[in-house]
Amino acid sequence: MPSRRTVLAATAGATVTLAIGTEARAAARHPDRELRALISRMTPEEKVGQLFVSRAYGHSATAPDQADIDTNLRELGVRTPAELVARYHLGGIIYFAWAHNTRDPHQIASLSNGLQNASLTRPRGLPLLISTDQEHGAVARIGRPATLLPGAMAIGAGGSPGDARRLGRISGSELRAMGIRQDYSPVADVNVDPANPVIGVRSFGADPHAVAALVAAEVTGYRSAGVAATAKHFPGHGDTAVDSHYGFPVITHSREEWETLDAVPFRAAIEAGIESIMTAHILVPALDDSGDPATLSRPILTGILREELGYDGVVVTDALDMAGVRQKYGDDRVPVLALKAGVDVLLNAPRLDVAWNAVLKAVQDGELPASRLDESILRVLRLKARLGLFDAPYVSRSGVDRAVGTRAHLAAADLIAERTTTLLVNRDRLLPLAPATHRTLLVVGADPDSPTGTTGPPTAVLATALTELGFTATALSTGTSPAPATVDRAVAAAADADAVVVATCNISATSAQRTLVERLLTTGRPVVAVAVRNPYDVAHLPGVHAALAAYSWTDVELRAAARVIAGRARPRGRLPVPVRRADDPGRVLYPLGHGLSY
């Protein structure tokens, strides 16, 4: 067993010099030859473990808070993340804010080092591939002081592959500094259904070729930073009104439609050198009529992804605790069937002990040939080698300080965001507003839970930003479903304002947010609507004097919207999706590419 030379020196700010096993060092020198030799010496238990990436609760690998110890014991049967890695010989860990893994950058780096040490100090210890979902925009697991960038649909509105590449490079360099070498991003789904409850603004847009260009650019950015990007969710989750977290979506595209719409961004990702592709828990009868979700479909994962598209990188499942993959088979069969279909990595099994033992039993019984396991393990270890994990699995405190949340990164995020804000309506050239004519502003509207690490809530962020730009802005949160008394309070407050800014979030025909806007319009005050999630809200607000799409409610996008309202930035975004009429969805109100300026 290799000796441990120092104990998490990174937490004290010193250079990290933790133990790296002789197996890992050898693999780093002669990747394929040594990796195959390494695999031949692994026990069945070690092989099975390399195929699993799991959650683990706590901010520390060895000393989590008592509440996290209790949750680990209840869900995973261990006290600490380090014990989980050791018990199951895990190939990786995924970080979540709700698992208390991501308090701050130094803590994250320390956790990463502790987890790597837990794995590498075991006999035949191998480095972990630590991952997270840092899509930016609406989905971000790590917040301030790390750099938060605009989400995918905002980048789609900007339309700049250069900005997508910069996003990948900035995000990747910060993740790598914290010990995270794989990001489950970008979303390669083409969002053609405005009612899509799970993708929406997480997609770059509705034009498959525009999406493809931005996916490829972001992948290139991540690769330049030494982080594995992950294109998701294959074979395409963009045209569904069902969320696979809670149900089983069915995609009714024909094979020809799939080729011309859904497949295009994944082909581009593969050509750009994507190192990981995530499966979708969806049914696509045109690709496989067995009734199995794509995650468990050999015709889709092996027949199409591997053989037709020529992809030989890592295939990872979407989280296995999602309803979309658990409706037809039990938690003991799902991981086995996924591996038989062509999956390499099993992500976040709901019951790790059940899944792990089921795979081990399938190997021992011969249902899963050893050669099938070895094939996936080789892909996983090749990826770890390409990411430098066999050479340098640890990170340092000083490296975090040099890379995470730097002035240059924060400034770049602001500039990128300015190129995404989309002006949809501007009656009588109301915008830009000026303090000389509209000094007093009332900011009301929806305040959805802020994405990780943003200052939020949106109304407060907008009011603060507008005040800093010379206005006197007051925030009044009215929520996503304002009660009549709340609407009355907002209307009364509008009497003292020169103009009203309303933050809207996913308005429907019967939404109380629509009632709020209609009542505000009766005051005679100019009303500016800012859609802080889906850009389709404008279809339900025919009377507003101005309307903008910010595409998310993170600080960087809200500040950019405030600068556009104030005329400090020119609106340059163009709709990456069409907005259809609320009263006649068959007709387009604002086409793809629409966007005003001044």
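Strand E9 (314–316) and helix H14 (370–386) each give at least two residues to the lining of the second largest cavity. Helices (H or I, at least four residues) and strands (E, at least two) are DSSP runs, numbered from the N terminus. This is a predicted model, where local features need pLDDT of at least 70 and side-chain atom pairs count only at pLDDT 80 or more, while totals for chains, interfaces and linings use all residues. Residues are numbered from 1 along each chain as its sequence is written, and side-chain values use heavy atoms, with hydrogens and water left out.

**Cavities**

- A search of the whole structure turns up six cavities of 30 Å³ or more. On a 1 Å grid over the protein atoms alone, a cavity is a set of points where a 1.4 Å probe fits but cannot get out, a pocket is an open set with protein on both sides within 12 Å along at least five of seven lines, and lining residues have an atom within 4 Å of a point.
- The second largest cavity holds about 70 Å³ of space, and its lining includes Gln50, Ser276, Val314 and Val316.
- By class, that lining has eight nonpolar, four polar and no charged residues. Here Ala, Val, Leu, Ile, Met, Phe, Trp, Tyr, Cys and Pro count as nonpolar, Asp, Glu, Lys and Arg as charged, and the others, Gly among them, as polar.
- The largest cavity holds about 120 Å³, and among its lining residues are Met42, Gln50, His89 and Arg122.
- Its lining splits into five nonpolar, four polar and three charged residues.

**Strands around Ser276**

- Ser276 stands opposite Val314 in E9, and strands E8 and E9 pair in the parallel sense over three bridges. Two strands pair if DSSP finds at least two bridges between them.
- On E8 (residues 276–279), Ser276 and Met278 point one way, Ile277 and Thr279 point the other way, and all are buried. Buried means under 20% relative accessible area, with exposed over 50% and partly exposed in between (1.4 Å probe, protein chains only).
- E8 also pairs with strand E7 (residues 228–234), in the parallel sense over four bridges; Lys232 has Met278 as its bridge partner in E8.

- About 310 Å³ of space lies in the second largest pocket.
- Its lining counts 17 residues, with Arg144, Thr455, Asp555, Val556 and Arg559 nearest the centre.
- Helices H16 (407–418), H17 (458–468) and H20 (555–565) each supply at least two lining residues, and H17 has the largest share, with four.
- H20 is mostly covered, with 10 of its 11 residues buried; Asp555 and Val556 are among those buried residues.
- The cover over the buried residues of H20 includes H16, H17 and strands E14 (499–504), E15 (527–531) and E16 (546–549).
- Just after H20, Gly567 takes a positive phi of about 80°.

**The six-stranded sheet**

- Six strands form an open sheet in the order E11-E16-E15-E14-E12-E13, with mixed pairing.
- Strands E11 (422–426) and E13 (472–477) are the edges, each pairing on one side only.
- E12 (residues 440–445) and E13 pair in the parallel sense over six bridges, and Val443 has Ala475 in E13 as its bridge partner.

Note on methods: Points joined across faces, edges and corners; volume = space filled by probe spheres on them. Contact = heavy atoms within 4.5 Å.
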